[in-house]
Amino acid sequence: MKRFTVIPLLLGFLTASPVGANLLINTGFEDPITIDGPPFVGFWEGFSGGAGSLAGNSTLMPRSGAQSLGLSIDNTVDTFAGVFQDVPGLISGTQYTFGGWHATPSSPLDLGVEIRIEWRNSVSNIEISRTPNLTPVPTAAYFPFNLTAAVPDGADTGRVVYAVQSFSTNPLGNGTVLVDDVSFDVIPEPSTALLLAIGALGLAGMRRKRAA
């Protein structure tokens, strides 16, 4: 009987297991973001286009904890606000996913969202390339976003960026977007995930034998 449960168990492990450890710091924005320049590793650095735009911690409807990230544009066209964080030690050719949850209390929301990964070389301190912008539209309830891409040759750092802008919303830009519980994870190769699954099943079998 137990033999016939191995395949469903294995499939369940592969589909339900996490892709890896979260490489970001301050994932729930419980600590203040910074707006003071480098270093960008281990910190969320905020940026904005000046008057009429704001990036900062917010206590308005966090998804978890006491705070979230709040990005706002107040009736201002052609401006922006956002945050970024650098993740070092990446491996060329390996896929990573930048994900999280976002929502908006604004109705209507008259601004655009831009989510991207900028691939950088830490030695030369230059950008190698960047992903096309992911441009989802947040809703009133928290909804997940995900952007997956492979590290290009010559890059060893990923700069994850979440921003709002009003360049595409003429003649008005207005609204607030909240971001919470973000992550940046490596996606294991299929063979690695399979080996992890088999190992987990083996450990489970050993525990059952010991219990018996």
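The legends below describe close-up views of one predicted model.

Residues are numbered from 1 along each chain as its sequence is written, and side-chain values rest on heavy atoms, with hydrogens and water left out. Because the model is predicted, local features need pLDDT of at least 70 and side-chain atom pairs count only at pLDDT 80 or more, whereas totals for chains, interfaces and linings use all residues.

**View 1. The chain as a whole, with 2 helices and 10 strands.**
Helices (H or I, at least four residues) and strands (E, at least two) are DSSP runs, numbered from the N terminus, and read along the sequence they follow the pattern α-β-β-β-β-β-β-β-β-β-β-α. Of the 212 residues of the chain, 40% count as buried, where buried means under 20% relative accessible area, exposed means over 50%, and partly exposed lies in between (1.4 Å probe, protein chains only). The chain exposes about 11,300 Å², of which carbon and sulfur atoms supply 62%; these accessible areas come from the Shrake-Rupley method with a 1.4 Å probe, and for residues only the protein chains shown count as cover. Among contacts between residues at least 6 apart in sequence, 79% join residues at least 24 apart, a contact being heavy atoms within 4.5 Å.

**View 2. The aromatic pair of Phe-40 and Phe-84.**
Rings of Phe, Tyr and Trp (its six-membered ring) pair if their centres lie within 6.5 Å, and planes under 30 degrees apart count as stacked, over 60 as edge-to-face and the rest as tilted. By this rule the count comes to 8 aromatic pairs. In one of them, the ring centres of Phe-40 and Phe-84 are 4.7 Å apart and the planes stand at 70°, so the pair is edge-to-face. Phe-40 lies in the loop between helix 1 (6-16) and strand 1 (45-48), while Phe-84 belongs to strand 4 (residues 80-87), so the pair ties together parts that are 44 residues apart in sequence.

**View 3. The stacked pair of Tyr-96 and Phe-184.**
The two rings are 5.3 Å apart, centre to centre, with 5° between the planes. Tyr-96 sits in strand 5 (residues 95-103) and Phe-184 in strand 10 (residues 175-186), so that this pair links distant parts of the chain, 88 residues apart. Tyr-96 counts as buried at 4% relative accessibility, and Phe-184 is buried with a relative accessible area of 0%.

**View 4. Arg-63 over the face of Trp-101.**
Arg-63 lies at 3.7 Å from the ring centre of Trp-101. A charge sits over a ring if NZ of Lys or CZ of Arg is within 6 Å of the ring centre and within 35 degrees of the ring normal.

**View 5. The salt bridge between Arg-159 and Asp-86.**
Side chains of opposite charge can pair when their charged atoms come close. A salt bridge is taken here as a side-chain nitrogen of Lys or Arg within 4 Å of a carboxyl oxygen of Asp or Glu, and a search of the whole structure finds 6 of them. In the bridge shown, the closest N and O atoms of Arg-159 and Asp-86 are 2.7 Å apart. Arg-159 lies in strand 9 (residues 157-165) and Asp-86 in strand 4, so the pair ties together parts that are 73 residues apart in sequence. Arg-159 counts as buried at 12% relative accessibility, as does Asp-86 at 9%.

**View 6. A network of salt bridges linking Glu-114, Arg-116, Glu-118, Glu-127 and Arg-130.**
The side chains of Glu-118 and Arg-116 meet at 2.8 Å, N to O; Glu-118 is buried at 6% relative accessibility, and Arg-116 is buried at 11%. Arg-130 forms a salt bridge with Glu-127, with the closest N and O atoms 2.9 Å apart. Here Arg-130 is partly exposed, with a relative accessible area of 43%, and Glu-127 is also partly exposed, at 31%.

**View 7. Strand 6 (residues 112-121) and its pairing with strand 9 and strand 7.**
Strand 6 is mostly covered, with 9 of its 10 residues buried. Two strands pair if DSSP finds at least two bridges between them; strand 6 pairs with strand 9 in the antiparallel sense over 9 bridges, and Arg-116 stands opposite Val-161 in strand 9. Strand 6 also pairs with strand 7 (residues 126-130) in the antiparallel sense, over 4 bridges, and the bridge partner of Asn-121 in strand 7 is Ile-126. The hairpin of strand 6 and strand 7 has 4 residues between the strands, and within this hairpin Asn-125 takes a positive phi near 55°.
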